Amino acid sequence: MDSPPGSAKSSPEAELGHRLEDLWDIQEPQLSPTEKLNSCFESILVAAFPPAPSSEVVEIPSDSTLASAIQILSKHKIMSAPVRDVEAPENASWIDRYIGIVEFAGIAVWILHQSEVVASGMKASSAATRDANKLAAKLGTVVTLERTTSGLDSSAIPVEANGEIKDKVHSTGSGTAEATIAGNIFEVFTSSDLYKITKVSDISGSFRRAPFLALQKSDSFLTMLLLLSKYKMKSLPVVDLGEEKIDNIITQSAIIHMLAECVGLHWFENWGTKKLFELGLPIMMPKKLVKVREDEPVLNAFQLMRNKGVGGLPVVDGSGRKAIGTISIRDIHYLLTQPALCDKSRSITTKDFIIKIKAYVEEQQEVSSTMNNVVTCKRDDTVKDIILSLDTEKIQRIYVVDQDENLEGVITLRDIISRLVHEPHGYFGDFFDGVVPLPQSSRV
């Protein structure tokens, strides 16, 4: 694969790469390449990172409805956005001004939960659910839906006196409620009052796993890279303390683009020319790879992503070994914003869903990276090859295959970043206490 002219200062990212190159050249010779990289990234401040493509950071008011939030995310083609507390006083500090990061995936997971609630005809006490939501917000946990509806008043769904949802469910002989919704369950759900009136702040327990963990401009690149990789943050707001506002948002994709612009520089080539297996990639082995068969209902794919906590899946053929497509949790927005495309979402297969969305995207002349053909690599490809593919295709993951094109694993943006730096012992101290769950491998 041809390399872009990384040696030419053709972009802010390339200029940043040259700053790293200068730092690399003056490192102590006895340091290992990994220690040199850590030292270089520790020496550059977050303030130097190029601003997001959009000149304006997109924020979502806490009183926005879920429908509005999805429209905002879709319009700006972003996966997440900070939630601004509309009840915070004007002179509030940034830590009190924002209540979290709302992710498209988080809303999608909440909707899947609620769809199951609708389908099973469950009904909960409004007082109990409000209390559960308050508790979840305090504990930073997700309210399960076995007994509640994530802190929402289920009376917003039309029900009969016996608790069944009008014209939507019936009871089987065993007494369990099963969905008999004709057509698209998402179309039914998104036309309900529950979806139209539920506010982003109402599901704070659900997206609490994406807290408002902000960087300051004085933080280092090393801190930023560790948070985006080892600590599983998908995006990081950068706060301007002087103006008490978000000045930038740094994503995993932005880091990969920066690395792609640094191809050709000595510090990058020293690391980027290593083969995947030399860096212990892919991390996930074939038997652990989460996938969905092409003939399974598309709702199964989304529910599998929710249950396994992954953002995307390969769609495999009948053998279960070869990928014929990919699907992401974000693709659920087609069921939400264009429900007519899949008029029977409970029965439409994953393969047919991909075909329909591809046709729609082409007709609307939209850009949809998730619906591209499967991008694959081999274990003996270099990290540089993978970075250039991820950046060129604007994708979140690339699948590793063997010589017969059978799936062997998956590599994500986070995996690449995690192999770039390591966390020095005690680096964060008690910074994470009560903020985010620590990964099992953490040494903090």
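A nonpolar core is taken here as a set of buried Ala, Val, Leu, Ile, Met, Phe, Trp, Tyr and Cys residues joined through side-chain atoms within 4.5 Å. In this predicted model, the largest such core has 55 residues. Phe-41, Met-224, Leu-259, Trp-267, Trp-271 and Ile-416 have the most contacts inside this core. Among the secondary-structure elements, helix H9 (residues 221–228) gives the most to the core, with 7 residues. A second, separate core has 40 residues, including Ala-69, Ala-108, Val-298 and Phe-302.

Leaving aside neighbours within four places in sequence, Ile-416 is in contact with Ile-256, Trp-271, Leu-281, Val-383, Ile-386, Ile-387, Leu-390 and Ile-411. One of these partners, Trp-271, is itself listed with Ile-416 among the residues with the most contacts inside the core. Pro-282 lies in the loop between H11 and E9.

Helix H2 (residues 33–42) can be followed next. Its buried residues are Lys-36, Leu-37, Asn-38, Cys-40 and Phe-41, and these pack against helix H1 (12–25), H9, helix H10 (252–260) and helix H11 (266–272). The packing of H2 with H9 can be described in some detail. The axes of the two helices come within 6 Å and cross at roughly 110°, which makes H2 roughly perpendicular to H9. Asn-38, Phe-41 and Glu-42 of H2 meet Phe-221, Leu-222 and Leu-225 of H9 in this contact. By class, the contact has 4 nonpolar, 1 polar and 1 charged residues.

The C-alpha atom of Ser-39 is separated by 8.5 Å from that of Trp-24, which is 15 residues away along the chain. Thr-223, by comparison, lies in helix H9 and is buried, with a relative accessible area of 12%. Not counting residues up to four places away in sequence, Thr-223 touches Leu-215, Tyr-427 and Phe-428.

Attention now turns to a sheet and the helices beside it. Three strands form an open sheet in the order E9-E10-E11, with mixed pairing. Strand E9 (292–293) and strand E11 (323–328) are the edge strands, each pairing on one side only. Strand E10 (residues 312–316) is joined to E11 by 5 bridges, and these two strands run antiparallel. Within this pairing, Leu-313 has Ile-327 of E11 as its bridge partner. Helix H14 (residues 350–364) packs on the sheet and touches E9, E10 and E11, its direction making about 75° with that of E11. Helix H12 (residues 298–308) also lies across E9, E10 and E11, running at about 65° to E11.

A hairpin is formed by E13 and E14, with 5 residues between the strands. The pairing is antiparallel and extends over 5 bridges, with Tyr-399 standing opposite Val-410 in E14. E14 is mostly covered, as 5 of its 6 residues are buried. Glu-405 is partly exposed, with a relative accessible area of 37%. A positive phi, near 55°, is also found at Lys-394, again a residue other than glycine. Lys-394 sits in the loop between helix H15 (383–393) and strand E13 (397–401), and at 49% relative accessibility it counts as partly exposed.

Definitions and conventions. Residues are numbered from 1 along each chain as its sequence is written. This is a predicted model: local features need pLDDT of at least 70, side-chain atom pairs count only at pLDDT 80 or more; totals for chains, interfaces and linings use all residues. Side-chain values use heavy atoms; hydrogens and water are left out. Two strands pair if DSSP finds at least two bridges between them. Helices (H or I, at least four residues) and strands (E, at least two) are DSSP runs, numbered from the N terminus. Contact means heavy atoms within 4.5 Å. Axes are lines fitted to C-alpha atoms, for helices over the stretch in contact, and angles run from 0 to 180 degrees between N-to-C directions. Buried means under 20% relative accessible area, exposed over 50%, partly exposed in between (1.4 Å probe, protein chains only). Angles under 35 degrees count as roughly parallel, over 145 as roughly antiparallel, 65 to 115 as roughly perpendicular and the rest as oblique. Ala, Val, Leu, Ile, Met, Phe, Trp, Tyr, Cys and Pro count as nonpolar, Asp, Glu, Lys and Arg as charged, and the others, Gly among them, as polar.
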